[in-house]
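Me: I am new to this structure and would like to learn how to read its features one at a time. Could you take me through them, giving the general idea before each case?

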Protein chains: 2
Amino acid sequence: MMNRREFLGAGALAGGLLAATALNAHAASGGRNKLRVGIIGVGARGQNHLALLLRRDDVELTAICDIEPIWIQRALARIAKAGKPKPKVYGADGDVHAYRQMLAKQKLDAVFIVTPWEWHAPMAIDAMRAKVAVGCEVVAGITLEDHWDVLRTQQATGTPYMLLENVCYRRDVMAVLQMVRAGLFGELEHLQAGYQHDLRGVKLNSGNPDGGIGVEFGPKAWSEARWRTEHSAKRNGDLYPSHGIGPCAMYIDINRGNRFTRLNSFASKARGLNDYILAHGGKDNPNAQVKFALGDLVTTQLACANGETILLQHDTSLPRPYSLGFRVQGTHGLWMDVNQSIYIEGTSKTDDAWEPAQPYLDKHDHPLWKRFADQAVGAGHGGMDFFVVHAFIEALKAGAPMPIDIYDAVTWSAITPLSEQSIRQGFQTVDFPDFTAGQWQQRKPIFAFDDRY
Amino acid sequence: MMNRREFLGAGALAGGLLAATALNAHAASGGRNKLRVGIIGVGARGQNHLALLLRRDDVELTAICDIEPIWIQRALARIAKAGKPKPKVYGADGDVHAYRQMLAKQKLDAVFIVTPWEWHAPMAIDAMRAKVAVGCEVVAGITLEDHWDVLRTQQATGTPYMLLENVCYRRDVMAVLQMVRAGLFGELEHLQAGYQHDLRGVKLNSGNPDGGIGVEFGPKAWSEARWRTEHSAKRNGDLYPSHGIGPCAMYIDINRGNRFTRLNSFASKARGLNDYILAHGGKDNPNAQVKFALGDLVTTQLACANGETILLQHDTSLPRPYSLGFRVQGTHGLWMDVNQSIYIEGTSKTDDAWEPAQPYLDKHDHPLWKRFADQAVGAGHGGMDFFVVHAFIEALKAGAPMPIDIYDAVTWSAITPLSEQSIRQGFQTVDFPDFTAGQWQQRKPIFAFDDRY
């Protein structure tokens, strides 16, 4: 194994070949102790990031932008309660392009993009052109062309872009990364993950900002149901791949010695959302007539240049316990999170019998979690949200490459339009584009090799 | 739901339209109390069936056939110990076609085919032509054409043919069948299963009939390693689909109201068998140079006419705990066997939280298990082997349709050549042939609706 310095050196070199990693105009090369940060979108998810930024001394929250007055009020109240200066507010007039004013006027070092998916690509492109570093919530774009546009803009401008994929920082996921790098699983052969999360109550609600079961989506709904559900109505594919594929990609060095070569998706019928509408709105509710395009189960396979296979499952419209369904399997054994178990030949006490994974996870706890677990407590999603924000800010301050970079972002997120294409073509297998234009063969891993970020 | 009599009536009618279900010359229509039975292949698996047949008063074990003297001796010893008459022995001279003499001379009602996979199709065809009912171990043939040949012979001769797929009779699998039929899962949408079983010690051994770790396969090896490993060396596909697909097919009425429409397989690299040979035979062992074609993980998807998706995993060359990996998911919830858990919306105590499956499995215990659990104790594979032999014999005696019939057999087994084709074509999706020629739309389910068999 390379040591940390060799990895970082190699990574920086490779990054330099592919795209300038120079910081933007404001966060000059290294040595900056405080960053001017803005947030576009302070809705349900944006409030999480806001709370984490307010806890940091190295962040000056200069501006926020949202077109929903309720969320702006909640954000300002949160900021005041934290004793931080009131930021400049954009978008209160309802102008969906108000963020451009913010980018133009606020001399930001970085911006968090936490808006509906369809806005991620245009906002990221505008921000990169304005030399404002982008921390983008998961989903880099909608169409395949969006992904190429975001990539080309990053390459042309050299502005840092990080995908805020929090599950890469989940404690067990990071411990397993340590185990993978220590060779515990041998040579990796097969990975599984996905997004299996009953979102019926997210996709459909009463429209009341204070909550309540309902069957509205679109303009009459509240929060994510205003925009997210439309994707279930119109699109059939793995709409949310990054929480699953991010950790898998890190385990097998995708874009850094490996790449996805082919993709295939199968989709089941769609029943879950209609059943929910019938149950809670009745058959006379206008939404009971909606035909949702999204299959309730979308199952995707990926082949990799180094011979691994990956299985992703998208399951968001049916009643079920939450599970990202990780499985990491190599020549020496495997870990699965659904049964919280592991088997490692020669190490596990009984041949061919599962043992609890927790002692292994404890033993291989990642240095980042050892150092920051106390600070992470209370951050969203079991603490992992702390780390993704931390990584973005710290890497920017250090003038270092983004730990989850533009290639990771577009590669992971492009699974959605590619899976749509596969399903549309009758579950046919499609080629996976090489966003690195061959540089994956030279690029070296840089993600989470120490306890800094 | 139809009641039992309606189901059986409808099934018999549909069966009659498709293929004569008349019994062979010896087991005349119904009312036979004792069947003349032969076994072709009394190796490791054949000895299991032999033991079960010896426990039955309705079976006269008339003949056995094998070309391996050790297995013949073990079979005769077992028969003598059971106090049963010595059967006629065929094949002791090493003639691989000795079974034809047995079929011609022994006036058998039924024959068990328990031989290497490549012999199943030709032996079944010969038996059906001789009007001897076939109980065939899993794998109906090798090539797709084999499957058509077996089917066409059954249709032309009307001789009963049953695939001896034991996992359809596993206690939890049958309880889940009851739950499916009771509507507990709502409308089924997605199923998972497979064959995940570390077979390295089966595919490679010392060649000593008394056991011992080794790295031989082919003529120098013992038992299954003599022939089964060659399939791993030459073929890349899901080589053993029926244990997984059998129960799934029964849950969603494949060939009886539903059918498979498309198939896709991805295969990982192949490392497991070579690693095992290196570890136990060293790099200078001639077998260390063998290039095995079979990917260690072969993952297959199937689409169904009624909109369900099925995921099958074949994983037989790596260290791992045994698991068939069942998942049965519908609009109301899901069961998974890897974590022995279930979730049913509205029934499970806590929203979106797993609960132990066992109380559900106990509550929905199948009538067959309630009636025969005591007799099944001691039978192979947790008792399920009792039921598959029982079903074959009882259905023959009753002159009734085979509960796992020729259409089930060829449909499940054809997954292997189709998955090979998919992988060979670069993981492309292939159409699934309709072996029923459209009759799947009229045929009705008949499997395990009561406590008889």
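Predicted model: local features only at pLDDT ≥ 70, side-chain atom pairs only at ≥ 80, totals over all residues.

Reply: Side chains of opposite charge can pair when their charged atoms come close. Here Glu187(B) makes a salt bridge with Arg271(A), and the closest N and O atoms of the two are 3.0 Å apart. Glu187(B) sits in the loop between helix 7 (171-181) and strand 7 of chain B, while Arg271(A) sits in the loop between strand 8 (260-267) and helix 11 (272-281) of chain A, so this pair joins two chains.

Me: How many salt bridges are there between chain B and chain A, and what is the count over all chains?

Reply: Between chain B and chain A the count is 10 salt bridges, and over all chains it comes to 62. Another example is the salt bridge in which the side chains of Arg327(A) and Asp315(B) meet, at 3.2 Å from N to O. On the side of chain B that touches chain A, at least two residues each come from several elements of chain B, among them strand 7 (188-196), helix 11 (272-281) and strand 10 (309-315). The residues of that side divide into 19 nonpolar, 22 polar and 15 charged.

Me: What area do chain B and chain A bury between them?

Reply: The size of an interface is often given as the accessible area lost when the parts come together. For chain B and chain A the buried area is about 4400 Å², with 51% of it on carbon and sulfur atoms, and the contact takes 56 residues from chain B and 56 residues from chain A.

Me: Which rotation superposes chain B on chain A?

Reply: Two copies of a chain are related by a rotation about an axis and a shift along it. In this model a rotation of 180° with 0.0 Å of shift along its axis places chain B on chain A, with an RMSD of 0.0 Å. The two copies are therefore related as by a two-fold rotation axis. The same surface serves both copies, since 100% of the contact residues of chain B recur in chain A. Of the residues of chain B, Asn339(B) comes closest to the rotation axis, its C-alpha being at 2.4 Å.

Me: In what order do the nine strands of the open sheet in chain B follow one another?

Reply: The order in chain B is 14-13-12-11-7-10-9-8-15, and the pairing is mixed. Strand 14 (355-356) and strand 15 (430-431) of chain B are the edge strands, each pairing on one side only. Within the sheet, strand 9 and strand 10 of chain B run antiparallel and are joined by six bridges, and Gln301(B) stands opposite Leu311(B) in strand 10 of chain B.

Terms used
Residues numbered from 1 in each chain as written. Chains lettered and ligands numbered in written order. Heavy atoms only, no water. Contact = heavy atoms within 4.5 Å. Buried area = accessible area lost by both parts, 1.4 Å probe. Salt bridge = Lys/Arg side-chain N within 4 Å of Asp/Glu carboxyl O. Helix = DSSP H or I, 4+ residues; strand = E, 2+ residues; numbered from the N terminus. Nonpolar A, V, L, I, M, F, W, Y, C, P; charged D, E, K, R; others polar. Least-squares fit on C-alpha atoms with pLDDT ≥ 70 in both. Pairing = 2+ DSSP bridges.
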